[in-house]
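Reader: I would like to learn how to read a model like this one. Please take it feature by feature.

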Amino acid sequence: MNKGVAITGMGIISAIGNTVEENLISLLNNKVAISTIDNISTIHKDSIKVAEIKKTNQELVNELQLPEENNYSRTAMLGAIAAKQAMADAGITDINEYRTGIVSSTSVGGMDMTERYYYEYFKDESCLKYVSSHDGGATAQTIADELGLKGMVTTISTACSSAANAIMFGARLIKAKKLDRVIVGGTDALAKFTINGFKTLMILSDTDNTPFDNDRKGLNLGEAAAYLVLESDELVQKEHKRVLAYVSGYGNANDAFHQTASSENGEGAFLAMQKAMKVAGLEPAQIDYINAHGTATPNNDLSEGRAMLRIFGKHVPDFSSTKPFTGHTLAAAAAIEAVYSILALQNNIVFPNLNFKTPMSEFDLVPQAVLKHKPIQHVLSNSFGFGGNCSTLIFSKSE
Amino acid sequence: MIKQATYIKAYCSIQNNKIDLNGTSVFKTGECLFVDFAKAAYRNFELNYPKFFKMDNLSKLAFLAAELLLKNELETDRDIALLLSNKSSSLDTDIKFQESINNQENYFPSPAVFVYTLPNICMGEISIRHNLKSENTFFIFEEFNPGFMSNYTNVLLCTNRAEEVLCGWVEYYKDTYRAFLYIVTTTFGIPHDATTIQTLFNK
């Protein structure tokens, strides 16, 4: 197998915890965070459930010690908090000491602020400051500024596979020796834009989401941010860095089927998993755990399940979706699930696929429904986005 | 990366209600709106792909050019990468979408319009039609950028990311449009370089 790129730090803020440790405690104790929405005033308040970080924007401003007249979006603030944790975890004190970059993903960007003032811009100049923090690139730049980073800053926005592509791109930048280290991940805050958009597509559940269940009704949206620090082998050796795990494989494929829906046979998902295993130099039998995309929409779980059967045949490894804990956090999903995949490797655990009752009628795939302890060497993590943008990452144990 | 010669296998230009394929005029209409011209071209070439009528204008334009270049490619599982560019992104459709939500009392944001508020959706339409699960990228430039395009295409071909590349310019904004698409391969055709594609673009 190919060793891959070293991960030396990670940080996360999600609805189930404000740190890596808090997230692990919640995952180990079935502490879910699906609730009614508090921070956004929406007419769908009573008909949807979300996974919300129960901190107001003012609390985030205070935590980051921002001036009152800042123009930070919630997305950028969550991103800055998680990226700072990842930096500290990797023991980085001088971020510009080596060639360092950030690849940050987001789907909603600064929309959580701009949508509030949509009809005000031409009347009230004071809200114009949010226009410059609206686009996805501004989110990455804001996080880079908070970290004091002077190096490469770039943004990836490929819907729900965004953070997987950010991690993949970062790993390739290290392998190509373009950078010595790179902060990779994603951030997305809840916004009316996404709530209303997904509502229109009729894929929001009014109950807790139930991935891979025959009676699944759709997804719960969530908000989160998570970042990893990837470093070159040379830097790891020189600085005697502790390695949490390796990004050993990655693959991205085009489903070529529909603007939003996934194909029936999961062609894109199949190709992404196949490519990732090829990059890692692993056989299907070597995968110990799949952290599935598992959004609990009728379409995704069927398509992903079929793709898993095509790759693994009769020997599908233990798999689970952690979205019943965190909701679907869109462009951040692959980053928080990367953190969970690393935690699975470090603690030798398969996280439970909560809320599962009835196997799907189309096949006999049954997710791991309760916490399971077993040796884990390689974790495969899927993330599939609208536009048929399918990505797979493989994380391997550091030894 | 092993450098190898690359060739333009075929090229297609659409502008001013006229379609040229490999330098020869293959279809034209009199003065009319693009939407009517596109419908006439669809009928003329007997495309038989009803999803065409749901597309936005940028996608229709890219789709028509791609259709003429790829319709004779019968093999399946062809590894043809897509590399497109333009100046106005999807702004034409973005504005239509914005207008649909502009009035606070009377608004209707349609998902059918919204899905086209990205320029790369036109590559998605081509991928779906021709079953291309290949590399694809869309770049925004002030004007057609032959140096960048030829270099990027050669990297894709010489690093075995694709067998062929469907590349070019597909621009649509407020009824002014231009498509110039061409296929680059490693086997035969007109020698592919920045000067040649600029010359073909200017025709």
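This is a predicted model: local features need pLDDT of at least 70, side-chain atom pairs count only at pLDDT 80 or more; totals for chains, interfaces and linings use all residues.

Reader: How many residues does the contact take from domain 1 of chain A and from domain 2 of chain A?

Author: In general, the size of an interface is often given as the accessible area lost when the parts come together. Here we have residue counts: 62 residues from domain 1 of chain A and 54 residues from domain 2 of chain A. On the domain 1 side, the elements that each supply at least two residues include β1 (5–14), α1 (20–28) and β7 (224–231) of chain A. Helix α6(A) gives the most to that side, with seven residues. By type, the residues of the domain 1 side divide into 33 nonpolar, 23 polar and six charged.

Reader: Which residues is L230(A) in contact with, leaving aside its neighbours within four places in sequence?

Author: Among them are V5(A), A6(A) and I7(A), then G170(A), A171(A) and I174(A), and also V247(A).

Reader: How do I judge the overall form of chain A, and what radius of gyration does it have?

Author: The check is to set the value beside that of a compact globule. With 399 residues, such a globule would have a radius of gyration near 21 Å; chain A has 20 Å, which agrees. Along its principal axes the C-alpha trace of chain A spans about 60 × 55 × 40 Å. Buried residues make up 58% of chain A. Of the contacts in chain A between residues at least 6 apart in sequence, 80% join residues at least 24 apart. The chain has 12 helices and 14 strands.

Reader: What span should helix α2 (residues 57–70) of chain B have?

Author: The idea is to count 1.5 Å a residue, so the 14 residues of this helix should span 20 Å. Its end C-alpha atoms are 20 Å apart, which agrees.

Reader: Is α2(B) mostly covered or mostly uncovered?

Author: Mostly covered: 14 of the 14 residues of α2(B) are buried.

Notes. Residues are numbered from 1 along each chain as its sequence is written. Chains are lettered from A and ligands numbered from 1 in the order in which they are written. Two residues are in contact if their C-beta atoms, placed from the backbone, lie within 7 Å. Helices (H or I, at least four residues) and strands (E, at least two) are DSSP runs, numbered from the N terminus. The expected span of a helix is 1.5 Å times one less than its number of residues. A residue is buried if 20 or more other C-beta atoms lie within 10 Å of its own, exposed if 12 or fewer, and partly exposed in between; C-beta atoms are placed from the backbone. The radius of gyration is taken over C-alpha atoms; the globule rule is 2.2 Å times the number of residues to the power 0.38. Ala, Val, Leu, Ile, Met, Phe, Trp, Tyr, Cys and Pro count as nonpolar, Asp, Glu, Lys and Arg as charged, and the others, Gly among them, as polar.
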